[in-house]
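I opened this entry to note what I looked up, element by element. The sequence and model come first, then my notes.

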Amino acid sequence: MNQQELVQGDALFEGSAQTWVDGPDQADALPQELLAAPALRFWPLLKGFTSRHRRRASLAAAGYQASRHPKRGLPIAENSTVSRFIGRMIKERHWLAFGLIVANCLAAITGAIMPQLLGSMIDRVAAGHSGDQLMAWVTGLCAVVLGLMLVQGILTFLARRLAAIFGQGMVAAGREYVIRAVLKLPLSKVETASTGDLVTRVTRDVGNMGAMVRWAMPTFVIGVVSLVVTLIGIFVNSWWLALPLVLTLAVMTWAVRDYLRVAPAGYITEGAAYSRLNTSLTETVEGARSVEALGLGRRRLDLTDNDIESASQMERYTMALRAKLFTWQGLAGQLPMAAVAIMGFIGYSQGWVTLGQITAATVYLQQMNGPIDRIIMTVNQMQIGVSSTSRLLGIAAVPADRQTSDQRPADQHLVGRDLTFAYRPGRDVLHDVSLDLRPGERLAVVGPSGSGKSTLGRLLAGINAPRQGVVEVGGVDVMTLPLQQLRTEVALVTQEHHVFVGTIRDNVILAREDATSDEAVWQALTAVEADGWVSRMPDGLDTMIGSGRTALTPGQAQQVALARLVIADPHTLVLDEATSLIDPTTAREVEGSMSSLLGGRTVVAIAHRLHTAHDADRIAVVIDGRIAELGSHDELLALGGEYAKLWMAWTS
């Protein structure tokens, strides 16, 4: 594996931000030999396929190695972690698992008896038995066979039902685990990971995990139990006729082990390729205006084509692995039949086996085809599911971004000292910023876009930890406070918001579920000037909103988010352009209403609308990651510096 392949493997786990600069024809581009049109003649075609398969295998191995220790983004869980996770879920449903195995064993045993009865009947006929005695025996045998078939049908139905309950229960538990893991992700880590990676994990990978535990695992258990019972029946019938199966199973065991040796790298890298594709598509759609304004359409199309081709190459690699496995599966189903026919001829001519035993062995072989097919198909599906599960469990492997302590704030005094922060190593966006916020003070933070205003707000709210320096509330580092405690001290509301499926009441009290009275909800809505339109809704507070329900305007949705903030009742608020989606007139009314309601609270307002700054007690002007000016509106106007220039531009 050369350095170029390692770079290409790393690229699958990096997101595509660099491609805005480099384009898709740099280190992450695919080797040309994979893109060349294949030859049409047989031998060159075979040689080219072999060469491309080896190259794809090398890229898959490089991608798998990169997934163990990604430079950025979300990690991949180790196989031992996946095994413990699945084992724990099975242990929680051990009685269902036990019932599933027992029901399948009994169904398989009933099915294994019938070939023996059929063989006995043929041996009786071959031995010369005839007349009424034989007819009575055959009649009784038919009744037994019908009874066995009925019992087998009932047991099979029971086994399938248990398998469905077992699988669906595991799917539900697995999805709940993933949701809990996602919700526990540190926001700082979510933002450094690519959107496409997280989306792919909670959609495609959740689906693959669901298919594994809902269908593949129960079907695998059924297949193994049926195969073992049928093998026992064949050996009981005749060890001589069972010899071909020993060789067949040995070959199949080797084929499955060979597949499992290389498949994980292929499926992990395939998942990473789809994550990267989703990331580039999401970036292009969300940044459509920027793409159009900067004339980047052709480059984004080239990038998307490259990402699609990367995913296609990994799909072809894993498809080739499956094709190889299924070829051995086909041979395992056909060769034993021919081998038993030959062994049966030899054994019968030597007097080692009877015609009844040969017939029973043939029926057993027919019965084995189904379990073998199920095992091979489920091994493939389980491998896909295990790879996806390792990606999902990688979410839970992300370390916490804070270590909580037992210390609690002594008061409401918020202070930031010598704050330095970088989203990427070596590129600080804040430089030695210090702020001492007096309780009850209104501080406005203004400055050009990209100057570091929002970053400063995130540090004050404890979303990110500073690279150097500390933010303290009541003498305690905010990064050591449990999140539940921190959000009652300092809360951040940004221009981003979300409306959840549920009633308006449910959406408002999300921030503090103990505030369940309608009076508290109406007070919060009144504070943000939302009580008017809510009262006009058909069901008032019980109106269902969210996806597929009553649609809210962006301004209404943001008012709901602000009402959550009122309910949360923190003593310090960081408003990062929180009213940007509301029209200026309504925004001014909302801000005025909040100002009157939130008296005595500390407010840090980050905004481009300078009327917010005009009303503030103090104004911090952030330029290039530093506080260039700090003072009241009148003081900064008299200074004639950066703020004065911004104010003149705003009012002119």
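**Helix α17 and what follows**

I began with α17, where V521, A524, L525 and A527 are buried. Looking down the axis of α17, I found these buried residues within an arc of 160 degrees, so they line one face of the helix. I note here that the model is predicted.

Just after α17, I came to E529, which has a positive phi of about 60 degrees. E529 sits in the loop between α17 (518–527) and α18 (531–535). I put E529 down as partly exposed, at a relative accessible area of 35%. Most residues other than glycine have a negative phi.

I then looked up D624, where phi is near 50 degrees, again a positive value in a residue other than glycine. D624 belongs to the loop between β11 (618–623) and β12 (626–631). With 60% relative accessibility, D624 counts as exposed.

**Helix α5**

I checked the length of α5 (residues 79–92): its 14 residues at 1.5 Å a residue should span 20 Å, and the end C-alpha atoms are 20 Å apart, which agrees. Which residues of α5 are buried? I listed V82, F85, I86 and M89. They cover an arc of only 90 degrees around the axis, which puts them on the same side of α5. An α-helix has 3.6 residues a turn, so residues three or four places apart point the same way. On the face of α5 turned away from the buried side I found the exposed residues R84 and K91.

**A surface patch**

I noted a nonpolar surface patch of about 600 Å², made by W95, F98, V102, L106, I109 and I113. V102 is partly exposed, with 33% relative accessible area.

V340 is in helix α12 (residues 297–349). I recorded V340 as buried, at 3% relative accessibility. What does V340 contact, leaving aside its neighbours within four places in sequence? I found L241, P244, A361 and L365. Between V340 and L365 I have 25 residues in sequence and 8.9 Å in space, C-alpha to C-alpha.

S275 is in helix α10 (residues 239–286). S275 is buried as well, at a relative accessible area of 2%. Beyond its neighbours within four places in sequence, S275 contacts G196, D197, T200 and R391.

**Salt bridges**

How many salt bridges does a search of the whole structure find? I have 16. I looked up three of them.

I took R391 and D205, whose side chains meet at 2.6 Å, N to O. R391 lies in helix α13 (residues 355–396) and D205 in helix α9 (residues 195–237), so this pair ties together parts that are 186 residues apart in sequence. Buried or exposed? R391 is buried, with a relative accessible area of 1%, and D205 is buried at 0%.

I then took R300 and E283, whose side chains form a salt bridge at 3.2 Å, N to O. R300 is in helix α12 and E283 in helix α10, 17 residues apart. R300 is buried at 3% relative accessible area, whereas E283 is partly exposed at 23%.

D518 and R505 form a salt bridge at 2.8 Å, N to O. I placed D518 in helix α17 and R505 in helix α16 (residues 504–508), 13 residues apart. D518 is partly exposed at 34% relative accessibility, while R505 is buried at 17% relative accessible area.

How values were computed. Residues numbered from 1 in each chain as written. Predicted model: local features only at pLDDT ≥ 70, side-chain atom pairs only at ≥ 80, totals over all residues. Heavy atoms only, no water. Helix = DSSP H or I, 4+ residues; strand = E, 2+ residues; numbered from the N terminus. Expected span 1.5 Å × (residues − 1). Buried < 20%, exposed > 50% of the residue type's maximum accessible area, 1.4 Å probe, protein only. Arc of directions from axis to C-beta. Patch = residues over 30% accessible without salt bridge, like charges linked within 9 Å, V, L, I, M, F, W, Y side chains within 5 Å. Areas by Shrake-Rupley, 256 points an atom, 1.4 Å probe, with all protein chains shown as cover. Salt bridge = Lys/Arg side-chain N within 4 Å of Asp/Glu carboxyl O. Contact = heavy atoms within 4.5 Å.
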